[in-house]
Amino acid sequence: MSDHVEIYTDGACKGNPGVGGWGAWLRNGGNETELFGGERHTTNNRMELLAVIEALSTLSPPANVRLHTDSQYVQKGISEWIHSWKRRGWRTSDGKPVKNVDLWQRLDAVSARHKIEWVWVRGHAGDPGNERADQLANRGVASIGNGPGS
């Protein structure tokens with residue numbers, strides 16, 4: 001794991017649930033990559049998770065990553081809560097199924113390939129990387145458009 005990659009991720013949703021988008025900005029040395037996408041019927045939390053999953057999935061070989069997110073749901077979920085969820089068979093402390101378990105399981109699998117420092121940043125507070133990820137997430141929303149079924 002020699003590469004060091006900085007990743008900024010964000011999710012957006014117009015209505016919750018509603019049309020959503022995710023965005024990620026990756027920096028590795030002098031190289032930059034912008035990623036974004038969206039879904040017609042989703043939630044903000046799903047888009048936050050998908051941004052991280054998609055960003056980490058692009059990295060090959062395994063890398064040292066500093067991943068910045070403005071989602072405490074993602075940051076605390078992957079750093080703290082996931083260990084208990086897995087021990088309890090993907091159940092919360094009150095015995096209910098973990099929401100978005102499909103994405104949490106994908107994130108668990110893809111993050112295992114890398115050494116990741118999870119960094120929470122305050123959203124919409126002027127952090128240039130977070131602002132760029134937010135713009136990409138909104139491009140993801142726009143990519144869905146307002147056609148039939150939206």
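Where does Q75 lie? Q75 sits in helix α2, and that helix is a handy place to start a tour of this predicted model.

- Q75 has a relative accessibility of 15%, and since buried means under 20%, Q75 counts as buried.
- Leaving aside residues up to four places away in sequence, Q75 touches T69, W118, V119 and W120.

**How α2 and α3 pack**

- Helix α2 covers residues 72-87 and helix α3 covers residues 101-111.
- The two helices pack at an angle of about 95 degrees, and their axes are 11 Å apart.
- Angles of 65 to 115 degrees count as roughly perpendicular, so α2 and α3 are roughly perpendicular to each other.
- On the α2 side, the contact is made by Y73, V74, G77, I78, I82, W85 and K86.
- On the α3 side, W104, L107, D108 and S111 make the contact.
- Sorted by class, this contact of α2 with α3 has 7 nonpolar, 2 polar and 2 charged residues.

**The loop between α2 and α3**

- W90 is found in the loop between α2 and α3, and its phi is near 60 degrees, a positive value in a residue other than glycine.
- W90 has 17% relative accessibility and therefore counts as buried.
- N100 lies in the loop between α2 and α3, and phi of N100 is near 60 degrees, again a positive value in a residue other than glycine.
- At 16% relative accessibility, N100 counts as buried.
- K99 has its place in the loop between α2 and α3. Is K99 buried or exposed? With a relative accessible area of 68%, K99 is exposed.
- K99 touches Y73 and W104, if residues up to four places away in sequence are not counted. Y73 of α2 and W104 of α3 are among the residues that make the contact of the two helices.
- From K99 to A51, the distance is 17 Å in space, C-alpha to C-alpha, and 48 residues in sequence.

**The largest pocket**

- How much space lies in the largest pocket? The figure is about 170 Å³.
- Its lining consists of D3, V5, L26, R27, N28, N31, E32, T33, T58, L59, S60 and P61.
- The elements that give two or more residues to this lining are β2 (18-28) and β3 (31-42).
- By class, the lining has 4 nonpolar, 5 polar and 3 charged residues.

**Two cis peptide bonds**

- Which residues does a cis peptide bond with omega of about 15 degrees join? The pair is N16 and P17.
- P17 has its place in the loop between β1 (4-15) and β2.
- A cis peptide bond also runs from S60 to P61, with omega near 5 degrees.
- P61 lies in the loop between α1 (44-57) and β4 (64-69).
- S60 and P61 are also among the residues that line the largest pocket.

**A24 in strand β2**

- A24 has its place in strand β2, and with a relative accessible area of 0%, A24 is buried.
- Which residues does A24 touch, not counting those up to four places away in sequence? They are Y8, T9, T33, E34, L35, A51, A55 and L136.
- One of these contacts, T33, is among the residues that line the largest pocket.
- The C-alpha atoms of A24 and G37 are separated by 9.5 Å, and the two residues are 13 residues apart along the chain.

**S57 in helix α1**

- S57 has its place in helix α1.
- S57 counts as partly exposed, at 41% relative accessibility.
- S57 and C13 are 44 residues apart along the chain, and 22 Å separates their C-alpha atoms.

How values were computed
Residues numbered from 1 in each chain as written. Predicted model: local features only at pLDDT ≥ 70, side-chain atom pairs only at ≥ 80, totals over all residues. Heavy atoms only, no water. 1 Å grid on protein atoms, 1.4 Å probe; cavity = no way out; pocket = protein on both sides within 12 Å on 5 of 7 lines; lining within 4 Å. Points joined across faces, edges and corners; volume = space filled by probe spheres on them. Helix = DSSP H or I, 4+ residues; strand = E, 2+ residues; numbered from the N terminus. Nonpolar A, V, L, I, M, F, W, Y, C, P; charged D, E, K, R; others polar. Axes fitted to C-alpha atoms, helices over the stretch in contact; angles between N-to-C directions. Parallel < 35°, antiparallel > 145°, perpendicular 65-115°, else oblique. Contact = heavy atoms within 4.5 Å. Buried < 20%, exposed > 50% of the residue type's maximum accessible area, 1.4 Å probe, protein only.
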